[in-house]
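Here is a short briefing for a first look. Please keep the sequence and the 3D view open while reading.

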Amino acid sequence: RDRVGIVVFSDQVTVLGDGSKDSKMIESDLLADFDALVDEGENLADGMLNRSAGECAAGLSDKVFSLNSDGQTALGPALLLSVALASKTVGSKVVVCTDGLANVGLGSLDNLQTMEEQEAAAGFYEQVGALAEESGVCVSVISIEGDECRMENLGKVADMSGGAVNMVQPLELVQEFSNILALPVLASRVELRILMHNALRLMHVDEDAGTEKEVTFSHSRRVGNVTEETENLFEYEVLRERAQKLPKDLKYL
């Protein structure tokens, strides 16, 4: 009895929800206001996401097949609004399907001229990723192969929330949606903690390896949402000077 809803976007963002009520077009001035979009999404969740997938499938299918592709791409505002809509239920999923570059409102990636503009855009997607992680919402992204979507920005949201990024052919969309939705979220707000002997050090992390007097080195990593396919890889190296001081029977383990 999972509930389902749809948000569509062009130069505007419209919430179809579960299809049981009239669609809600988001006011244009909200598309550049992070906090206002979060509030709007949370407020709309109770009224527009009430029916299960089985109950609303036929009506939503009709609405989807009646959609027309036109205008620009308010992807950033639509993504943020969707995460806010889903945030009322821990373990929810947001699947973003797009074939265009974000160019309206928050997160616009079009015609970024300065380093400050690029950093501001990247910062927006990190904020959305942090919101999704904290809310227990898993964000996955599906894009059409060959289209310019700047997947490194959307990919940041997916990475932070435990989702996936896939580039597919148009005929593969239905199967890819099914694959993502069939994979349940097993846990949310997960944090990994690694304990190692101080003769070992994790590579590519900022934490100090500790002192020789300390027995162990620890490192924590926020993972967010976890499915049965979640993987976290760590690379480590041996600190030779410390390893030489180990007892002989431990050196060769």
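This is a predicted model: local features need pLDDT of at least 70, side-chain atom pairs count only at pLDDT 80 or more; totals for chains, interfaces and linings use all residues.

A search of the whole structure finds four salt bridges. The count of disulfides is zero. A patch of negative charge sits on the surface.

**Salt bridge: glutamate 40 and lysine 24**

- Glutamate 40 forms a salt bridge with lysine 24. Their closest N and O atoms are 4.0 Å apart.
- Glutamate 40 belongs to helix 1 and lysine 24 to strand 3, so the pair ties together parts that are 16 residues apart in sequence.
- Glutamate 40 is buried because its relative accessible area is 18%, and buried means under 20%.
- Lysine 24 counts as partly exposed, at 31% relative accessibility.

**Salt bridge: lysine 88 and aspartate 46**

- Lysine 88 pairs with aspartate 46 in another salt bridge. Here the closest N and O atoms are 3.5 Å apart.
- Lysine 88 lies in the loop between helix 3 (75-86) and strand 4 (93-98), while aspartate 46 is in helix 1, so the pair ties together parts 42 residues apart in sequence.
- Lysine 88 is partly exposed, with a relative accessible area of 45%.
- Aspartate 46 has 51% relative accessibility, so it counts as exposed; the cut-off for exposed is over 50%.

**Salt bridge: arginine 222 and glutamate 133**

- Arginine 222 forms a salt bridge with glutamate 133, with the closest N and O atoms 3.4 Å apart.
- The pair links distant parts of the chain, 89 residues apart. Arginine 222 is in strand 9 (residues 216-226), and glutamate 133 is in helix 4 (residues 115-135).
- Arginine 222 is partly exposed, at a relative accessible area of 43%.
- Glutamate 133 is buried, at 9% relative accessibility.
- Which residues form a network here? Glu133, Glu134 and Arg222 are linked in a network of salt bridges.

**Negative surface patch**

- Which residues gather in the patch of negative charge? They are Glu27, Asp29, Asp33, Asp35 and Asp39.
- Aspartate 33 is found in the loop between strand 3 (24-25) and helix 1 (34-48).
- Aspartate 33 counts as partly exposed, because its relative accessibility is 33%.

**Cysteines**

- A disulfide is a covalent bond between the sulfur atoms of two cysteines.
- How many disulfides does the count give? The count comes to zero.
- Cysteine 97 is partly exposed, with a relative accessible area of 32%.
- Cysteine 138 counts as buried, at 4% relative accessibility.

**Buried residues and their partners in space**

- Isoleucine 142 lies in strand 5 (residues 138-144).
- Is isoleucine 142 buried or exposed? At 0% relative accessibility, isoleucine 142 counts as buried.
- Isoleucine 142 and valine 96 are 46 residues apart along the chain. Their C-alpha atoms are separated by 6.0 Å.
- Leucine 16 has its place in strand 2 (residues 13-17).
- Leucine 16 is buried, with a relative accessible area of 6%.
- Leucine 16 and valine 64 are 48 residues apart in sequence. In space, the two are 9.3 Å apart, C-alpha to C-alpha.

Technical notes. Residues are numbered from 1 along each chain as its sequence is written. Side-chain values use heavy atoms; hydrogens and water are left out. Patches are made of residues with over 30% relative accessible area and no salt bridge: like charges are joined within 9 Å, nonpolar side chains (Val, Leu, Ile, Met, Phe, Trp, Tyr) within 5 Å. Accessible areas come from the Shrake-Rupley method with a 1.4 Å probe; for residues, only the protein chains shown count as cover. A salt bridge is a side-chain nitrogen of Lys or Arg within 4 Å of a carboxyl oxygen of Asp or Glu. Lys and Arg count as positive and Asp and Glu as negative; His and the chain ends are not counted. The place of a charge is taken as NZ of Lys, CZ of Arg, CG of Asp or CD of Glu. Helices (H or I, at least four residues) and strands (E, at least two) are DSSP runs, numbered from the N terminus. Buried means under 20% relative accessible area, exposed over 50%, partly exposed in between (1.4 Å probe, protein chains only). A disulfide is a pair of cysteine sulfur atoms within 2.5 Å.
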